[in-house]
Amino acid sequence: MVLNNDIFAKITIFQTSLNKLFITLFFYSLMVTLTYQERFKTIKGVFDEFTNRTLFILQKKGCFDKLVSPIAIGKESNVFLASRNDSQVIVKIYRIQNANFSKMFSYIKKDPRYGFLKNQRRQVILSWAQREYKNLLKANQLKINIPKVIGWKNHILVEEMVGDANPALRLKDSPPKNPLAMFKEIVTGIRTLYKGGLIHGDLSPFNILNFQEKPYFIDFSQATITKTPNSEELLQRDVKIICNFFNKMNISANFKQTFLKVTK
Ligand SMILES: Nc1ncnc2c1ncn2[C@@H]1O[C@H](COP(=O)(O)OP(=O)(O)OP(=O)(O)O)[C@@H](O)[C@H]1O
Ligand SMILES: [Mg+2]
């Protein structure tokens, strides 16, 4: 079929308008997404373009509906509460520019799953977030109390919120009513993870939530597989920190005995 110039010009105009419409729609939907982020203007360096795009993708996938409020600024990430249907979820955004990626690299490169990584900021941080996602999936299969992971993309993770109306408090801020029972449950949790091939690697009263007097392990970004060369050292560190915490609560938590209990 031969198109005369007039028809060809009309088709071109139509296509250009259609493209403009799609672009406008895309940015409009992005704007809808971004308006609530205005509330977080004070948190500098988090909502760059790449982050906004990644949030948009996770939102479109149905991982969350809306960011609600910031809840914590960690060493490497900013953590937000978000809504999802009738529930609340956690959105953890690793900072790309503003994180100590050399330290992260020194940890992650020991993990055989990430032996291929080069010392490049972006690659390290995206892998760091991916590793936390994989760790949470693996830990979830072991049926211990952890938040279920809902989604991951680039440097952002979405997971269940542990808590009811509000996020549960950290063990550090919410000491157990029955320290011995809590200690035993934590040791069982460490053992279950270990037997399942995983070591948390950053376990402490800061990374355990006390929800209805049950321990929930969170923050699996440093967790590694037991095949990692320094994994025993990491396990010892976790056990030592937990024993020290409970010793201060008048529980005789002996490191050697506890370590044996975890590994035997
Ligand atoms: N699933 C969750 N449910 C409820 N609260 C959570 C959850 N995940 C994280 N939090 C809250 O957000 C805080 C920071 O989360 P997390 O420890 O994963 O991030 P982080 O960047 O490693 O922080 P830090 O550097 O302080 O360890 C936690 O101490 C906890 O108060
Ligand atoms: Mg933490």
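Predicted model: local features only at pLDDT ≥ 70, side-chain atom pairs only at ≥ 80, totals over all residues.
- Five strands make an open sheet in the order 1-2-3-5-4, and their pairing is antiparallel.
- Strand 1 and strand 4 (149–153) are at the edges; each has a single partner strand, so one side of each has no neighbour in the sheet.
- From one strand to the next, the twist averages 20 degrees.
- Strand 1 and strand 2 are joined by six bridges in the antiparallel sense.
- These two strands also form a hairpin, with three residues between them.
- At another place in the sheet, strand 4 pairs with strand 5 over four bridges, again in the antiparallel sense.
- To see one of the pairs here, look for Trp152, whose bridge partner in strand 5 is Leu157.
- Helix 4 (residues 121–141) lies across strand 3, strand 4 and strand 5, and it runs at about 160 degrees to strand 4.

- Another open sheet has three strands in the order 6-8-9, with antiparallel pairing.
- Strand 6 (169–170) and strand 9 (214–217) are its edge strands, and each pairs on one side only.
- Helix 5 (residues 179–195) packs on this sheet and touches strand 8 and strand 9, with its direction at about 35 degrees to that of strand 9.
- Two bridges link strand 6 and strand 8 (residues 208–211) in the antiparallel sense.
- Strand 8 and strand 9 run antiparallel and are joined by four bridges.
- Phe211 can be found opposite Lys214 in strand 9.

- As background, most residues other than glycine have a negative phi.
- Gln212 is not a glycine, yet it has a positive phi of about 50 degrees.
- You will find Gln212 in the loop between strand 8 and strand 9, whose hairpin has two residues between the strands.
- Gln212 counts as exposed because there are 9 other C-beta atoms within 10 Å, and the cut-off for exposed is 12 or fewer.
- Asn250 is not a glycine either, and its phi is positive at about 65 degrees.
- The place to look for Asn250 is the loop between helix 6 (231–247) and helix 7 (255–263).
- Asn250 has 9 C-beta neighbours inside 10 Å, so it counts as exposed.

- Pro179 is found in helix 5.
- With 16 C-beta neighbours inside 10 Å, Pro179 counts as partly exposed, because that class lies between the limits of 12 or fewer for exposed and 20 or more for buried.
- Leaving out residues up to four places away in sequence, Pro179 touches Phe246, Met249 and Ile251.
- Pro179 and Ile251 are 72 residues apart in sequence, but their C-alpha atoms are 7.2 Å apart in space.
- For the chain overall, residues 24 or more positions apart account for 59% of the contacts with a separation of 6 or more.

Conventions: Residues numbered from 1 in each chain as written. Chains lettered and ligands numbered in written order. Pairing = 2+ DSSP bridges. Axes fitted to C-alpha atoms, helices over the stretch in contact; angles between N-to-C directions. Contact = placed C-beta atoms within 7 Å.
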